[in-house]
Amino acid sequence: MSVDLKGVRALVTGAGSGIGKAIARRLAAGGCRVAATDVQEDRVSEVARTIRDEGGDALAIRADVAKQEDVDRMTAQTVSAFGGLDVVINNAGVGSAAFIESVQDSEIERVFGVNLVGVIRVTRAATPHLKNSGRGRIVNIASVEGIRGSGLLPVYSATKAGVIGMTRANAVELARFGVTVNAVCPGPIQTEMLSPLLANERYHEKLIKGVPMRRLGVPEDVAGAVAFFASEESSFITGNVLVIDGGMTVKAL
Ligand SMILES: NC(=O)c1ccc[n+]([C@@H]2O[C@H](COP(=O)([O-])OP(=O)(O)OC[C@H]3O[C@@H](n4cnc5c(N)ncnc54)[C@H](O)[C@@H]3O)[C@@H](O)[C@H]2O)c1
């Protein structure tokens, strides 16, 4: 499916690699002007360069979503470059694997700071601009781990469940301004975030066995759905949580 996003002004966080990179490229291919932002400056500059080489329109901004001053600067820079903002993709995130009894305070703060507080900060900064847009869109990258339970991921799961809660709350609040707010919940997607877990061959095999489609997802599996939520095609869809997992969460055994 190819959606028309001509002239739509978008900001993607965590666009330096994996799912965020695929989303930035997909939006640009549909005609978006994309602010590709990431805490890793070299990577996001490379992504913006790739998009421009592919004929798209992109600028790179280094920003840490856990820092309010970075979020403010990133938002102001995007609005000034594009003359406004129509779409925000809250994608930046970090993994965290530790059972509840061993999780450290520093880990709780780090993961919440990026995965949940970061999403709240970016959304808060972008909302006035999205209201002005008349066709505002927020797409939050949550996770199947925000819906189901994995004993190894209590902190990560809590942040993603929080993102789902915030998606629904903001969907209700912003609907009258023409702003839709939706979330996607990817299952296991082959990116750097997953690579430490995939390094364990037994875990890798077990993971694939749990997916009825018998494969891991690739970032492009997520990017297409995000482009749909960013487009006019989804203008009456808000507060939705779309699972993208090859059937993993509906499998009985
Ligand atoms: N890979 C999966 O299996 C999977 C599954 C479900 C959800 N997700 C979610 O998808 C999103 C993207 O993850 P990914 O798999 O592409 O991982 P990734 O590690 O490849 O990419 C994450 C990107 O976010 C950036 N980032 C990290 N902290 C940041 C910060 N404080 N400010 C700005 N940017 C920051 C990183 O530099 C990196 O470029 C995350 O929110 C993740 O939780 C991933």
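The legends below describe close-up views of a predicted model. Local features are taken at pLDDT of at least 70 and side-chain atom pairs at pLDDT 80 or more, whereas totals for chains, interfaces and linings use all residues. Residues are numbered from 1 along each chain as its sequence is written, and side-chain values use heavy atoms, with hydrogens and water left out.

View 1. Seven strands form an open sheet in the order β3-β2-β1-β4-β5-β6-β7, with parallel pairing; strands (E, at least two residues) and helices (H or I, at least four residues) are DSSP runs numbered from the N terminus, and two strands pair if DSSP finds at least two bridges between them. The edge strands, each pairing on one side only, are β3 (57-62) and β7. From one strand to the next, the twist averages 15 degrees.

**View 2. Strands β1 and β2, with the helices that pack on the sheet.** Strand β1 (residues 9-13) and strand β2 (residues 33-38) run parallel and are joined by five bridges, and Arg9 stands opposite Arg33 in β2. Helix α3 (residues 68-82) packs on the sheet, where it touches β1, β2 and β3, and its direction makes about 160 degrees with that of β3. Helix α4 also packs on the sheet, touching β1, β4 (87-90) and β5, with its direction at about 175 degrees to that of β4. Contact here means heavy atoms within 4.5 Å, and the axes are lines fitted to C-alpha atoms, for helices over the stretch in contact, with angles running from 0 to 180 degrees between N-to-C directions.

View 3. Asp70, which is found in helix α3, is buried, with a relative accessible area of 7%; buried means under 20% relative accessible area, exposed over 50% and partly exposed in between, for a 1.4 Å probe and protein chains only. A polar atom of the Asp70 side chain lies 2.8 Å from the backbone nitrogen of Asp64. Leaving aside neighbours within four places in sequence, Asp70 is in contact with Arg62, Ala63 and Asp64.

**View 4. The surroundings of the ligand.** The ligand is surrounded by 29 residues, of which the closest are Asp38, Asp64, Asn91, Tyr156 and Thr191; a residue is near a molecule if one of its heavy atoms lies within 4 Å of it. A nitrogen atom of the ligand is 2.8 Å from an N or O atom in the side chain of Asp64, while an oxygen atom of the ligand is 2.9 Å from an N or O atom in the side chain of Ser17. For Ile189, a backbone N or O atom lies 2.8 Å from an oxygen atom of the ligand.

View 5. The 21 residues of helix α5 (residues 154-174) should span 30 Å at 1.5 Å a residue, which agrees with the 30 Å between its end C-alpha atoms; the expected span is 1.5 Å times one less than the number of residues. Among the buried residues of α5 are Tyr156, Val163 and Thr167, and the buried residues of this helix pack against α4 (105-133), β5 (137-141), β6 (180-186) and β7 (241-244). Asn140, found in strand β5, counts as buried because its relative accessibility is 1%. Leaving aside neighbours within four places in sequence, the contacts of Asn140 include Val163, Thr167 and Asn182.

Terms used
A polar contact is a pair of N or O atoms within 3.5 Å; within protein, one must be able to donate a hydrogen and the other to accept it, and residues adjacent in sequence count only if both atoms are side-chain atoms.
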